[in-house]
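Please keep the sequence and the coordinates in view while reading.

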Amino acid sequence: MTYPKIREIFAADFKDRIVHHLLVSYLEPYFEKRFIYSSFACRKERGTLCATTYIQRSLRKITRNCTKKAYYGQFDIKSFFTCIDKGVLENILIKNIRKGYKDNTQKELIWLTKVILKNNPTQNFSIRGDSNLLKQVPTHKSLFYVSKNKGLPIGNLTSQFFANIYLNELDQYVKRELKIKYYTRYVDDIVVLSDNLEDVYRWREQIDTFLKRKLKLTLHPNKDKYGSVYSGIDFVGYVIKPRYTLSRQRVVGNLKNKLKLFNQGLLLVSQNQKQTVFPLHTPPSKEELSKMLAMINSYYGHFRHVNCFNLRKDIYENHFGCLKEYLEPVEQYSYFKLIK
């Protein structure tokens, strides 16, 4: 099985990660003041829940509390991390460092930034986990196949932070030039809202043109989504509507499938970055129950932020099976605890 999606992760050595965090700690205060409010991910108090709340608030504003029509467009940047141009990124970083920092600090920050950007993780690495899975990574998603001076490794804090700086150029263009009032970005996932669908189509083309010209990126040609905001926007793990928020059906289906496997005598576990199954002892051990409890509560933690009391109750009553003998719901199915 290859769930979740296979991704190529380059995790720097511990001592290198300390340096990455050090650099970000110096750069973050300066850049944070320049980021727009509606860009999310890898920012303090700007995670998925904040993005969800912001989108829903925007939906209510543009529809005037669900009394007007409104439309959305959702766009995804094609192979974002592997297509980032290091030359363009370096110029953006150095230009801002020179503006925001003086004397020796400026020189040291520029030097360290260049060292991190020039590092090629594909030239010095060790494989951990199942090496066969590495072969299944699509070539357009792998740094082993990108052009010279292209791509940032997924797995480093600096990569996530630099990605925000890179796309801040787009954010500023959208706000200052296109003047799109309702615009939200989470990494490379973009949502725009308008009371006119033609505006959405036009903005899409203008955004794509800017990305190609200034950042050497392109919007994915096959992942655009358009529609009425009342049909819901599938964004950051939730389906967001003006009045309420739902969980993705895929998330619900994954939990039900794991509960089904458990009750069939199989316990799903993670081993060497792939999913396997092994026979479940009868009765389950404390360790097995602890793993299931942690897994279930992680899903129910996700469900707590959407309007789905009936769903939480239904999963417990109709899909927990023998687990009801060992786990009990707390606070109206908000989470579970072991029955003593």
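Asn156 counts as buried because its relative accessibility is 9%, buried meaning under 20% relative accessible area, exposed over 50% and partly exposed in between, with a 1.4 Å probe and protein chains only. The residue is found in the loop between α6 (131-134) and α7. Helices here are DSSP runs of H or I with at least four residues, strands are runs of E with at least two, and both are numbered from the N terminus. The side chain of Asn156 reaches the backbone nitrogen of Ala12 at 3.3 Å. Leaving aside residues up to four places away in sequence, Asn156 touches Phe10, Ala11, Ala12 and His20, where contact means heavy atoms within 4.5 Å.

The model is predicted, so that local features need pLDDT of at least 70 and side-chain atom pairs count only at pLDDT 80 or more, whereas totals for chains, interfaces and linings use all residues. Residues are numbered from 1 along each chain as its sequence is written, and side-chain values use heavy atoms, with hydrogens and water left out.

His20, a contact of Asn156, also takes part in the packing of α1 on α7. The axes of helix α1 (residues 14-32) and helix α7 (residues 157-178) come within 10 Å and cross at roughly 20°. Such axes are lines fitted to C-alpha atoms, for helices over the stretch in contact, and the angles run from 0 to 180 degrees between N-to-C directions. The two helices α1 and α7 are therefore roughly parallel to each other; angles under 35 degrees count as roughly parallel, over 145 as roughly antiparallel, 65 to 115 as roughly perpendicular and the rest as oblique. The crossing of α1 and α7 is left-handed, which is to say that the near helix is turned anticlockwise from the far one by less than a right angle, clockwise being right-handed. From α1, the residues His20, His21, Leu23, Val24, Leu27, Glu28 and Phe31 meet Leu157, Thr158, Phe161, Phe162 and Ile165 of α7. By class, this contact has eight nonpolar, three polar and one charged residues, with Ala, Val, Leu, Ile, Met, Phe, Trp, Tyr, Cys and Pro taken as nonpolar, Asp, Glu, Lys and Arg as charged, and the others, Gly among them, as polar.

Helix α1 also packs with helix α4 (residues 86-100), at an angle of about 85° and with the axes 11 Å apart. Helices α1 and α4 are therefore roughly perpendicular to each other. Here Leu27, Tyr30 and Phe31 in α1 meet Leu93, Asn96, Ile97, Lys99 and Gly100 in α4. The residues of this contact divide into five nonpolar, two polar and one charged.

Two loop residues other than glycine have positive phi values. For Lys216, phi is near 55°; the residue is found in the loop between α8 (197-215) and β5 (225-228) and counts as partly exposed at 49% relative accessibility. For Tyr333, phi is near 65°; this residue has its place in the loop between β11 (327-330) and β12 (335-338), and its 14% relative accessibility makes it buried.

Glu45, in the loop between β1 (39-40) and α2 (48-62), counts as exposed at 73% relative accessibility.

In the chain as a whole, the secondary structure comes to eleven helices and twelve strands. Buried residues make up 46% of the 340 residues.

Technical notes
Polar contact = N/O pair within 3.5 Å; in protein donor to acceptor, adjacent residues only side chain to side chain.
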